[in-house]
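Here are some notes to read alongside the model, written for someone meeting it for the first time. Keep the picture open and take the points one at a time.

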Amino acid sequence: MSQRKERKQQWMTLKRLLAYLKGERKRLSFAVLCLILASGAELTGPILIKHVLDEYVTKQRFPTNTLMMLGMAYVSLLIVAAIFHYVQLVLFQTTAMHVIQTMRNDLFAKVQKLSLRFYDLTPVGSLVSRITNDTEAIKDLYMTVLSTFVQNIVFLTGIFIAMFSLNVTLGLFCLSLLPLIGLIMMNYRKYSSQSFLHMREKLSALNAKLHESIQGMMIVQAFRQQKRVRQEFQTINEAHHAAWMKNMKWNGLLLRPAVDLVYVFSIMLILSYFGTQSFTNTVEVGVIYAFVAYIDRFFEPVNMMMSRLATVQQAIVAGERVFALSDEKEEEVENRTTHPSPVIASGEIQFDNVSFSYDGERDVLKNISFTAKAGQMVALVGHTGSGKSSISNVLMRFYPYHSGEVRLDGELLEQFSEQELRSNIGLVLQDSFLFSGDVAHNVRFFSNASMARVEEVCQFVQVSRFIEKLPEGYHHPVAERGSRFSSGERQLLSFARTMIREPRILILDEATATIDTQTEEALQRALQVMRQGRTTLAIAHRLSTIQAADLILVLHQGVIIERGTHEELLALGGQYYRMFSLQQGIMEKIQLNSD
Amino acid sequence: MSVFADLFWYFKSEKKRYIGGIVLLALVSLCLLLPPNIVGRAIDQMKAGTLTKSDLLLYVLLLAIVAVTVYVLRFFWRVLIYGASISLALLLRNRLFTHYTKMSASFYHKRRVGDLMAHATNDLQAIQQTAGDGVLTLVDSIMMGSFTMIAMTTTISWKLTLVSLLPLPFMAWSTSRYGNLLHKRFASAQAAFSSMNDKVQESIAGVRVIKAFGEEKHDRDAFQALSKQVVKQNIEVAKVDALFDPTISLIIGLSYLLSVSYGSYLVIGEQLSIGQLIAFTTYLGLLIWPMLAFGWLFNIVERGKASYERVTALLKEEACIQEEAHACEKVPLGEISLALSTFTYDGANSPALRDVYLTIEQGMTIGIVGPTGSGKSTLCKLLLREMDCEEGSIVIDDVSIRNYRVDTLRQAIGYVPQDHFLFSLSIFENIAFGKPDASFKEVKRAAQAAAIYEEICQLSDGFQTLVGERGVTLSGGQKQRLSIARALLLQSTILLLDDALSAVDAKTEEAILSVLKKERQQQTTLITAHRLSSVAHADCIIVLDEGRMVQKGTHEELIASQGWYQETYRRQALEQLLEKGGSS
């Protein structure tokens, strides 16, 4: 039952994959036309030769002109066949490539639309391989189905038409070969394809083991497990070897040798037929020639189709994975943009009783209310998981909040257009991700700022000195996500990337990692100038940032437990005061790790 | 072709399979010469009207025998030759893997995981093909080709053979030309594919930035441009690839034309019978495969040679860490004395460590702190002998670590690395990684000590839960604690925690540290950290800066004196308390 269901599922996937060809109808029909012409031209050749043999050679006639003409005709048929054959091959391949391009672009666009929640749960590697490797496997399907199956089926049909036109009875006999080939194919699918898939499974287990062992080799060695890991690898390697051997044997039984067996049987059939005929009638030698020539051509396509069956299976598996991704419902927050979208002018942020949850069960923000007036800086402090980042996620509209209201300049957050929001809220992430391309590209990041503007911004965040020291300055390539730069340098570059857009609102996710004092000072200086004239929401870890804030919100488990300026909070004598006093060394006797 | 000489050691060790396979191949080639001959004779007899029933029966019977014999022989040569080549892949892959397990850290620093994978997959595949398809095409094309030509010249006509083979060299020439062209274009198509792959990788890893800037459209455009490039390059490949079939059919067609026209001339001149002519065209069909195979052979052999050279070069590489001949096998107890004057990584400009002198008594807890890149991890790696320090020595229990067997040394050390790597095994197997026969009690104890036990119990499959892509996704803190449990289980005399508490929260850190304090009173513990709270309880703390030991003392001493430690302590104190939610 489940197997039948699985088969049905596979069949659905195959149909869905083939439906992608609809967009290529024109090119495809032209390709099929060329294919028919090429096959026709190729298959007329033996008939010409048959004619020569029966009409001239056996009858010992030798009219030079006619024969020359026939020779010319034969050569032109060859050339015509070659040209059309070439054209149709290129056309089919082009079609397949275009289909895959469409599929890839759709998939990429789809993945972009997925919510960050989806990204939180899905490893990067698997998404990448959906878009590239799986579609590559599907490409093989189109190439195979189009090039091998369509072509060969057309060709085989042509052979039968030619055979029937020569001799109906023998044509019928040859038709009886088809069930025999069908039987071999069925068995091939049942045993060879299965054992091939089995072997592939073992291979991917082998590769996974290998990959993991190489990655974790230092651990393996530190824990002295080399011998055990070696043995485990050997076991997997041997399992793969055994599966491979088995597949090779099935192929030996069912692939080429079996098809060639049928080939000799068909020669026997032809010989017996004409032999028996010769007892009563005279036979036309040319017809025998033509039949032998057609039978010769008959079996290569069969071989080709059989050897491709396993590819189809693999492509279907890849197709299932791709469709699972493109059917993913975890799409990004829908915005209820009003037209025209409100404009962020001054940059006032207002949270009114906002509650938010990632999983719909546990609230990570509970009734959060605060206002950041235009130009102010609000510092969020609290432990990991207290809800600091969630506030910035809500404000960035990365996730929807479920109750309360967020307003920018008095307008509801949902009403802003994507464009307005993204160009006016600048986010500086802890982990300053850089892209490949040169330094200028990373600063510009698709905005159409001039080079002068790039330099100006870099000067502004004080990263220009560092850039100018690079061998190629602003055109220095950023290799491997900027891993050659220090984390401070990366951070400054990401500041520049944000500032070039002159956002009205700045969201700053301060890095927790300790960096050296010099870089720290540079970052602080840059932040100071960046904050001028902007509303800033800082997820703060640095004391200097916190002290400079107009409003400090102390968060604990999604609730604001204290709020006020540095001075107010000190005067309050609460948690913040205790922390700060401790910091100042007033309570130096309290040990951090006192039990 | 020299790759066959390189692989000769294997052919020799598998000579039964190879010789057997080649003999069977020769028999197959001989058998295949029969059907055209039979068909030719039968046609001549039919035409002359002399074919009798018993003749026909004999011919059909002969064909049936040939068919079955060939089928059986073909199956067996495959088993022999392909079987031998598949076993070669097995052998080499095991050899390579064993070699990998013996290589030291510097080997892995120099190479990317992807390349090491490629050697064990693509390169081995190319070598296997050489030992399988390569041998087959070489032997078969020579035998099949020569046997067929002999049959054509001796049983039919040498003149006709010569004439009909005229176009064939052109086929070998053009296919090898296409092959070269294809190879080049294929490389650019591969390059286009891999830059598209890189782009996707980048876009997905940087999705937060792209979304924050609202630049999805531009990013999509950049991707589409690359995906278009992939199509373009692949169509370029297709344009060459599609040349093969038509060219081959054209040349074979010409060959048929020549044989039929010249053959007909000979038939009319009664130098040849019509049956022989038909047999001849069938022989011609048999020659196509050897011609194609020969062109193919060069490809296989070329790839095989390059791959074999790469793999041999890799296997020749020796591990940097060598053991002394009579190395000490007594597991040390844990008195460590470091005297490192300088240590510099290969290719680095400045030393990673210099003038580090320190004696650690058994049972002491040492804290090692300092900014990123100050040499903390390097110290751990030297202690583990992932690499050797040429200018300086590390002595444990009065024996230099170079005089221990590597295995013995590592037996003494429980190690928690900075990057908490876990294997895709169950949680139980991960914790028991260093001691696969550990009891459940031991594993549970280690998990408890690492403050991860309760969280494991909450998972649906408890300790049997799988880790990694096929299993649960663990947080950084959870992974880190599992990797601590893995080291604690060994109860080793020396424990190395390399920034191993960075992703756990302050409370958990405290819990883990208090267990360590209680249980490891008699054993040596080294803790490197960014967060000073991880080392505050240590008997001695050293501060590293650019590889030098700049401060040394207890927590109390260090916060009382001006310097990096005090400065950092002040900055972290507030952050630390904030983390605890202010509940001091």
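**Notes on the two chains**

1. Let us begin with the layout of chain A, which is divided into domain 1 (11–326) and domain 2 (349–584). The C-alpha centres of these two domains of chain A lie 57 Å apart. Please keep in mind throughout that this is a predicted model.

2. Next, look at how the chains meet. On one side, 117 residues of chain A are in contact, and on the other, 120 residues of chain B. Helix α3 (residues 64–113) of chain A supplies the largest share of chain A's side, with 20 residues. Sorted by class, the side of chain A that touches chain B holds 65 nonpolar, 38 polar and 14 charged residues.

3. The axes of helix α10 (residues 256–280) of chain A and helix α5 (residues 53–102) of chain B come within 9 Å and cross at roughly 175°. Angles over 145 degrees count as roughly antiparallel, and so that is how α10(A) and α5(B) are described. The contact between α10(A) and α5(B) is made of 17 nonpolar, two polar and two charged residues. From α10(A), the residues taking part include Leu261(A), Val264(A), Phe265(A) and Met268(A). Among their partners in α5(B) are Leu63(B), Ala67(B), Val70(B) and Tyr71(B).

4. Now try helix α12 (residues 388–395) of chain A. Why is α12(A) described as largely enclosed by the rest of the structure? Seven of its eight residues are buried, and that is the reason. The buried ones are Lys388(A), Ser390(A), Ile391(A), Ser392(A), Asn393(A), Val394(A) and Leu395(A). After α12(A) comes Arg397(A), which has a positive phi near 60°.

5. Within α19(B), the buried residues are Ala506(B), Glu509(B), Glu510(B), Ile512(B), Leu513(B) and Leu516(B). As you read their numbers, recall that residues three or four places apart in an α-helix point the same way, because there are 3.6 residues a turn.

6. Most residues other than glycine have a negative phi. Gln557(A) is not a glycine, yet its phi is positive, about 50°. You will find Gln557(A) in the loop between β9 (551–556) and β10 (559–564) of chain A. Asp397(B) is not a glycine either, and its phi is positive at about 50°. Asp397(B) sits in the loop between β4 (391–396) and β5 (399–400) of chain B. Gln557(A) counts as partly exposed because it has 15 C-beta neighbours inside 10 Å, and Asp397(B), with 17, also counts as partly exposed.

7. Where is Gly574(A) found? Look in the loop between α20 (566–572) and α21 (575–584) of chain A. Leaving aside residues up to four places away in sequence, Gly574(A) touches Glu562(A) and Leu569(A). The C-alpha atoms of Gly574(A) and Glu55(A) are separated by 114 Å, and the two residues are 519 residues apart along the chain.

8. Finally, is Ala48(B) buried or exposed? Ala48(B) counts as exposed, because it has 11 C-beta neighbours inside 10 Å. Ala48(B) lies in helix α4 (residues 34–48) of chain B.

Technical notes
Residues are numbered from 1 along each chain as its sequence is written. Chains are lettered from A and ligands numbered from 1 in the order in which they are written. This is a predicted model: local features need pLDDT of at least 70, side-chain atom pairs count only at pLDDT 80 or more; totals for chains, interfaces and linings use all residues. A residue is buried if 20 or more other C-beta atoms lie within 10 Å of its own, exposed if 12 or fewer, and partly exposed in between; C-beta atoms are placed from the backbone. Helices (H or I, at least four residues) and strands (E, at least two) are DSSP runs, numbered from the N terminus. Domain bounds come from an automatic or database domain assignment. Axes are lines fitted to C-alpha atoms, for helices over the stretch in contact, and angles run from 0 to 180 degrees between N-to-C directions. Angles under 35 degrees count as roughly parallel, over 145 as roughly antiparallel, 65 to 115 as roughly perpendicular and the rest as oblique. Two residues are in contact if their C-beta atoms, placed from the backbone, lie within 7 Å. Ala, Val, Leu, Ile, Met, Phe, Trp, Tyr, Cys and Pro count as nonpolar, Asp, Glu, Lys and Arg as charged, and the others, Gly among them, as polar.
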